[in-house]
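Please look through the chain shown here, first as a whole and then at a single residue within it.

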Amino acid sequence: MERIVLIGYMGSGKSTIGYELSQILNIPFYDLDKYIEYRVGKSISQIFFDIGERGFREIEYACLHEIVGAGDYILSCGGGTPCFFDNMEYINKHAETIYLKCPIDVLCHRLKNEKFNRPLLKDLSIEEMESFITPQLKERELFYQKSKHMINISPMDNVKSTVNKVYNLLK
Ligand code: S3P
């Protein structure tokens, strides 16, 4: 059984790395946000707008349960997924969890250009983003660190080198 779940903050590369890895390992790939959008028929931004973060977390929980217990897969979670309900324990029970740990300056740099489809960040200025991300990452680390494995991503890493790191870990 090959069940791999990628965990990490927004911008840590979960979706890109997960997809690339799924091509190499020939395992189905799920991006939890994309799956939610497909199941609900609305974008993540629209879901947040319509029913708020709490409503989104309930849908996220339900969709997570639809994927995690069945078959082989690589799943990239949303940045908040491990931090709500008993999601982290549930994922750990069913899959190999890998935390993509990315330095905060790398995250901030990437997210500056990618904040618009992320409801938690979209209304923040660049300065506000940094003061939002720093404490939130600290809180979330407590959950992320429950992962079974951790990959340290350095500012020098690119997609290929990060995929290699994850691949070597799984070998
Ligand atoms: C969120 C991260 C997003 C998405 C939603 C909330 C978060 O996923 O699930 O906007 O709470 O960190 P990505 O980590 O793929 O951006």
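What follows is a short report on the overall architecture of the chain and on the setting of one isoleucine, I91.

The model is predicted, and its chain contains seven helices together with five strands. Read from the N terminus, these elements follow one another in the order β-α-β-α-α-β-α-β-α-α-β-α. Because a compact globule of 171 residues would have a radius of gyration near 16 Å, the 15 Å found for the chain agrees with that expectation. The 21 positive and 23 negative charges have mean positions that lie 2 Å apart.

Some values for the whole chain are collected below.

| Property of the chain | Value |
|---|---|
| Span of the C-alpha trace along its principal axes | about 40 × 35 × 25 Å |
| Buried residues, as a share of the 171 residues | 43% |
| Accessible surface | about 8900 Å² |
| Share of the accessible surface belonging to carbon and sulfur atoms | 53% |

Within this chain, I91 belongs to helix α4, which covers residues 87-94. Is I91 buried or exposed? Its relative accessible area is 0%, and since buried means under 20%, I91 counts as buried. When residues up to four places away in sequence are left aside, I91 touches V5, I7, L64, V68, C77 and T97. I153, by contrast, is 62 residues from I91 along the chain, and the C-alpha atoms of the two are separated by 22 Å.

Notes
Residues numbered from 1 in each chain as written. Predicted model: local features only at pLDDT ≥ 70, side-chain atom pairs only at ≥ 80, totals over all residues. Heavy atoms only, no water. Helix = DSSP H or I, 4+ residues; strand = E, 2+ residues; numbered from the N terminus. Rg over C-alpha atoms; globule rule 2.2 N^0.38 Å. Buried < 20%, exposed > 50% of the residue type's maximum accessible area, 1.4 Å probe, protein only. Areas by Shrake-Rupley, 256 points an atom, 1.4 Å probe, with all protein chains shown as cover. Lys, Arg positive; Asp, Glu negative; His and termini not counted. Charge placed at Lys NZ, Arg CZ, Asp CG, Glu CD. Contact = heavy atoms within 4.5 Å.
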